[in-house]
Amino acid sequence: MDITFIGSGAMGGLFGYFLARSGQNVFLMDIWEDHVSAINSQGLGVEFDGKINRMDIPASSDMNDIRKSDLVIIFVKSTQTEQAAVQALKYLKDEGLVLTLQNGMGNADKISQVVHPDKVIAGTTSHGATILGPGLIRHAGAGPTLIGMWSEKNNTELATVKNVFCNAGIDTRIEDNIHLIIWKKLIINVGINAITALTGIKNGKIMDSPPTGELVRMVVKEACDVALAHGMKLPDDIVDQVFTIATATGLNRSSMGQDVDHKRLTEIDAINGAIVSLAQKKGMRVPANQTLTALVQTLQTNYKEGEK
Ligand code: NAD
């Protein structure tokens, strides 16, 4: 299968590595020129349990370097999704599909405004990865990848994508209601990301003090009420699931925490900010999410030294 990644940072690089290693024809696109040059000169390095494996995978930052693909995987941050969707369209073969496994709400809808909605696969992944430097990433953890057609219209090629992923060692399952899966992942991120980003704590610390735990409950409750208003019923034990995941990833800084630490633009608008926007559409108030969103937005618009 010809597969192009738009955004080949931590996650695009990791999935590109897995798929190329299994024999798929992978092409990595990324606007970060130092990263692309390092991949082309030394191969893409991926650290697993302290050991670095390298693989030669063609990479480019020239958006006119088009290789028509059966599958285009968008792995930019949610702030860059619109631009990535426009690029993805250029790379798609006539029957090709676009996949997003990005975090946050709104990515698949943005892609569907550019690419025909019946060609969009959405999903989530519990794999984790971190960029160590140009051409080098670290695999930070493994877990299932869940995918489904965003328009909910059957496409027989979805099973092909699943099989290609499974053959690459990416444990992948097809989900009938991918919208609910994405809501569940969103709620986890709503509960953990902004609070850890603003306070500097690691994920596991959110339940160490009662006031922090109470704040998590508040933002998650607001988000679940908004989900319900939009026709999505989250499981009753979703708060417990947030705490379970925070415990399992206890020693990690959340991705938003890492973004703030490195003075990078965060995905706040697609996470707690999405809850605020979706609440407004239903005339609902979500003060806890609104406050966290405003604080992270304030922080990121006032980065000083080293701003990216
Ligand atoms: P990252 O910053 O490591 O990688 C994003 C890459 O996209 C960067 O290398 C950047 O240069 C590139 N990029 C930006 N704009 C581009 C454009 N227009 N065209 C091509 N490339 C462009 O981010 P990441 O950690 O890989 O995260 C990607 C997405 O996956 C996010 O939505 C994130 O929330 C989600 N996610 C991350 C993890 C994780 O562990 N890192 C886990 C699950 C989901």
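This is a predicted model: local features need pLDDT of at least 70, side-chain atom pairs count only at pLDDT 80 or more; totals for chains, interfaces and linings use all residues.
Two strands count as paired if DSSP finds at least two bridges between them. Strand β11 (residues 145-149) and β12 run parallel, and three bridges join them.

Zooming out, β11 and β12 belong to an open sheet of eight strands, ordered β5-β2-β1-β6-β7-β8-β11-β12. The pairing across this sheet is mixed. At the edges sit β5 (59-60) and β12 (172-174), each of which pairs on one side only.

Now for the aromatic rings. A pair of aromatic rings is described by the distance of the centres and the angle of the planes. The structure has five such pairs. Take F18 and F48: their ring centres are 6.0 Å apart and the planes make an angle of 40°, so the pair falls in the tilted class, between the cut-offs of 30 and 60 degrees. This pair ties together distant parts of the chain, as F18 belongs to helix α1 (residues 10-21) and F48 to strand β3 (residues 44-48), 30 residues apart.

F15, F75 and F165 come together as one aromatic cluster. Elsewhere, a charged side chain meets a ring: R67 lies over the face of F27, 4.0 Å from the ring centre.

Note on methods:
Residues are numbered from 1 along each chain as its sequence is written. Side-chain values use heavy atoms; hydrogens and water are left out. Rings of Phe, Tyr and Trp (its six-membered ring) pair if their centres lie within 6.5 Å; planes under 30 degrees apart count as stacked, over 60 as edge-to-face and the rest as tilted. Helices (H or I, at least four residues) and strands (E, at least two) are DSSP runs, numbered from the N terminus. A charge sits over a ring if NZ of Lys or CZ of Arg is within 6 Å of the ring centre and within 35 degrees of the ring normal.
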